[in-house]
Amino acid sequence: MKILIDTFGADGGVEPIIEGAIKALETRDFIPVFVGNDREIKLLVRDRIKNYEILPTNEFISNDEDPVRSIRRKKDASIVLAYEKLKEDGYDGLISAGSTGALLAGGLFILGRIPGIKRACLAVGVPSLNDEITLLMDTGANMDCKAEFLYEFALMGKVYLENVMNVNNPKIGLLNVGVEEHKGNALSKESYKLLKDSNMNFTGNIEARDLFYGKVNVIVADGFDGNIAVKTAEGVLKSVGSELKKIIYKSNKNKIAGAILKNDIKSLAGKFSPDEVGGAPLLGVKSYVYKAHGNTNATAFSNAILGLLNYIDMNVIEKIEGELNGNR
């Protein structure tokens, strides 16, 4: 299995990308196809990977560039070259920690959408206090949505969870300002009706304060609201963790208490660590694509690659196509 790895775009540069790939190879066998600076990649890999390929380029699309325009104009950009290669036989998936906009634009304009899907979206895993598996869809790929797009997000999330995460008949919730059916804006109300009338296990609206309680398995939102929700949650968790650390080191008594609770604190922190998931699938495009965190480290990137491999193994795209044929 050949996996295309965009080495540009991560906050930490190329190193966590290469180290993450090496770490993933300890668990799964695949051929990394690194897209980026040939010399830099070889210096970091050295002789630690026996079988790999390099697709050389020094050009990439940054977060501050217009993604659609850049995809069309920068033909030698790493993500463009990776997508073009992914269309060829023998290449199975693509992963990038770079621009989310470029990843989405490339998926739409180079790969194309699954027939019947109008918008692709990112399905980000959300940790839960009761260990239920929860996806938040979308988290930034589509800022302006129609109700039919949110319906498609729910459908793709359902198929992904059933086939990759072994969740039977996943519960679907709509992110809203209240749990009552009449709450929300026009998009929320129209989306609620579509989901309620579907054959999916739609349980109604869910508020952002319940994000971590595992009440549903798929939380559906437009990219604007979903992105605000997930980034607010990340900020709160980071702040609480920082304040907890200050409290533990405030006095000797607190240090002793911290030492006693060390394993429990570590376990809780691990549950809410973005490194555990590492990334998210781009659902709705014709091939297997994964978005890793921009601030990824070797562990997180390794986990993202393993997530992509599992996504490929389960033939999710073919199953989404089958589900669409059965629901339209």
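Let me start at L4, which stands opposite V33 in β2; five bridges join strand β1, residues 2-6, to strand β2, residues 31-36, and the two run parallel. Strands here are DSSP runs of E of at least two residues, and helices are runs of H or I of at least four, both numbered from the N terminus, while two strands pair if DSSP finds at least two bridges between them.

This is a predicted model, in which local features need pLDDT of at least 70 and side-chain atom pairs count only at pLDDT 80 or more, whereas totals for chains, interfaces and linings use all residues. Residues are numbered from 1 along each chain as its sequence is written, and side-chain values use heavy atoms, with hydrogens and water left out.

Turning to the sheet, we have seven strands in an open arrangement with mixed pairing, in the order β3-β2-β1-β4-β12-β11-β5. β3 (53-56) and β5 (121-122) stand at the edges with a single partner strand each, so one side of each is left without a neighbour in the sheet.

Now the helices: α6, residues 147-164, lies across β5, β11 (279-283) and β12 (288-292), running at about 120° to β11, and α11, residues 298-313, lies across β1, β4 (93-96), β11 and β12, at about 160° to β12. Those angles run from 0 to 180 degrees between N-to-C directions, with axes fitted as lines to C-alpha atoms, for helices over the stretch in contact, and contact means heavy atoms within 4.5 Å.

Finally, the chain as a whole: of its 328 residues, 50% count as buried, that is, under 20% relative accessible area with a 1.4 Å probe, protein chains only.
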